[in-house]
Amino acid sequence: DVVDIERIEVLRGPQGTLYGRNTMAGAINLITRKPSGEFSGAATIEVGNYDHHVEKVSVDLPRVGIARVSFGVRSESRDGLVDLESGSPGTELDSRDNFGARFALGLDISDCVVADYRFDYTDVDQMPPHSQLYSVTPSNALFTAAAAYASKDREDSVATNWPGYEQLELKGHALTLGWDINDTNTLRSITSYRDLRNDDSVDLDGVPLTIATANRISDYDQTSQELQWIGSASRLNYVLGLYYYEDDGYTTNPHVFFFGTDSSQYGFGAESMAAYAQFDFRATDALTLTAGLRYTDEDKDTERYKSVTGAGAPIARVEADKSFSDTRPMASVAYRFSEQLNVYLKYSEGFKSGGFMGEAGNAVEAVTPYDPEEQSTWEIGAKMSSADGQLQLNTAAFHNEIDDMHVNQFTGLPGVSVVRNAGQATTQGVEIEGIWLPTDALRLQLSYGYLDAEWDEFMEAPAVGQPIGNVADNRSFPHAPEHTLNLTADARLAQTAWGELRALADYSYTDSFYAYAYQLETIDTRRATAGNTEVDAYGLLNLRLALSEIPVGGSGSAEFTLWARN
């Protein structure tokens, strides 16, 4: 949660040139507001049911010499959504208790040199959501006893026997130096560092019996450095860049199970270097040609230790490393027929880095890397608006071909999920976005997406012990709802001496989808079936009624809002 947001940018599809690895679906940029150098501020208090309250303050300080400063803080608290019954460790689950702060410093060193520093801090100390037991197949006395606690209705009062908590501390630093060499060329350096400490505990079975529990104690840090040269010449715009990234993490992940204990530890690290270039050429006033290329070289390492009492053989501490490299292009053609119509055709490629499976259940799998995921995307679209600007319509159709797609698979071993290279897949669809302003007092917005996702190749044994083959026809495609829809109506109901009365209704719909790539038809009873991970279609409606621009003297104003979030 952040304060002082200036804008949010949503970039769809592989961002292989400017954003590099692991941006297969796209990128979301949260752009924070720069300090203005003029005194101003804002404060918000939000209250709701479950004793929910949020306090937020943002302040810009007057300029002092070359320095501009702003800061913001945010605090949130909420009672748990699930009460714990007498005898359980604690009183509630699924609560909120977090605090965040942000500091921004801008230094106008000269007319052509500017330094921007950002610091953010997050502290979380709250209770995790309840892991509700949905159904049980009795196979022994313990599971038969657990079946009495299973429920397909959402519970608001439960009993457990293992303490749950979520504790996290996160600190981030970023420094951007910009030098305007001349009117058409800028050099920029972006340096960032982030540090995370996490400690959490969860009762995985959610009942007052010891079946499965887990703790995670994690340390993680990452550093990145980027150099950019941004410029233009006549009809050409260009960006050239060098990028360096490294991270390092270690997790101690002990479990207590009905059959014994598990001492699990895993560590990982990555070092990545990249070079990229992108050029926009305005061939005519209407035609723009864009081409880009990015090269990435990456080294990853892992270490794993696991010891189980009561079942299985221990994994002695094992280590491994692997290098990956990749070059990815992008190209697009955009033609502006008029001020109201722009069409484009784009081809881009994405690269999702390979790696190691930290929670691997055996030594061989722990040191065996999975391969990178690669994607090729074609997209054609149009951006349209009416002459008066009251109607805007954006449409896009896309076709993705994915090789060595990464899928998360639960292995059947307690607490162990691993990443597999499933094979080949094709996803394609259409997206439509529209905004209509029928009057000055009403804004209507629509966003619709259609997605067709299917496996072309899924290499896995149909059943345990059988040879590996292509089982694409009997595997679900994870996280791929066929239809998604969002509708928004923002209306000004009245303009009064007390302020402006506005109403906002926001509705979103997500079609049913599978959470994991499992067998659709049960061939192997020892493996999970996709139907057990299917999320039903659902719609969410949020409402907001606000009296805004309430005069409070001078240049100040206030707002009072009633809201309902689902």
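Visitor: Is N474 buried or exposed?

Guide: In this predicted model, N474 has a relative accessible area of 16%, so N474 counts as buried, the limit being under 20%.

Visitor: Where is N474 placed?

Guide: N474 lies in the loop between β26 (469-470) and β27 (483-496).

Visitor: And which residues does N474 touch there?

Guide: Not counting residues up to four places away in sequence, N474 touches Y518, Q519, L520, E521 and I523.

Visitor: Let us turn to E457. Where is the place of E457?

Guide: E457 belongs to strand β25, residues 442-460. With a relative accessibility of 28%, E457 counts as partly exposed.

Visitor: With which residues is E457 in contact?

Guide: Leaving aside neighbours within four places in sequence, E457 is in contact with A422, G423, Q424, N470 and A472.

Visitor: What separates the C-alpha atoms of E457 and E166?

Guide: A distance of 39 Å separates those C-alpha atoms, and the two residues are 291 residues apart along the chain.

Visitor: Now the surface. Which residues gather in the patch of negative charge?

Guide: That surface patch brings together E246, D248, E271, D299, D301, E319 and D321. The elements that give two or more residues to the negative patch are β14 (236-252), β17 (287-308) and β18 (315-338).

Visitor: Where does E246 sit, then?

Guide: E246 is in strand β14. Its relative accessibility is 34%, so E246 counts as partly exposed.

Visitor: Which residues make the nonpolar surface patch?

Guide: V2, I5, I8, V10, I28 and L30 make that patch, with an area of about 560 Å². Two or more residues come from each of β1 (5-12) and β2 (26-32).

Visitor: Which element gives the most to the nonpolar patch?

Guide: Strand β1 does, with three residues. V10 is found in strand β1.

Visitor: One more topic, the backbone. What is the phi of D4?

Guide: D4 has a positive phi of about 60°, although D4 is not a glycine. D4 is found in the segment before β1, and it is buried, with a relative accessible area of 11%.

Visitor: And what about the phi of D94?

Guide: D94, likewise not a glycine, has a positive phi of about 60°. The loop between β7 (92-93) and β8 (96-108) holds D94.

Visitor: Is D94 buried or exposed?

Guide: D94 is buried, because its relative accessible area is 14%, where buried means under 20%.

Note on methods:
Residues numbered from 1 in each chain as written. Predicted model: local features only at pLDDT ≥ 70, side-chain atom pairs only at ≥ 80, totals over all residues. Heavy atoms only, no water. Patch = residues over 30% accessible without salt bridge, like charges linked within 9 Å, V, L, I, M, F, W, Y side chains within 5 Å. Areas by Shrake-Rupley, 256 points an atom, 1.4 Å probe, with all protein chains shown as cover. Salt bridge = Lys/Arg side-chain N within 4 Å of Asp/Glu carboxyl O. Lys, Arg positive; Asp, Glu negative; His and termini not counted. Charge placed at Lys NZ, Arg CZ, Asp CG, Glu CD. Helix = DSSP H or I, 4+ residues; strand = E, 2+ residues; numbered from the N terminus. Buried < 20%, exposed > 50% of the residue type's maximum accessible area, 1.4 Å probe, protein only. Contact = heavy atoms within 4.5 Å.
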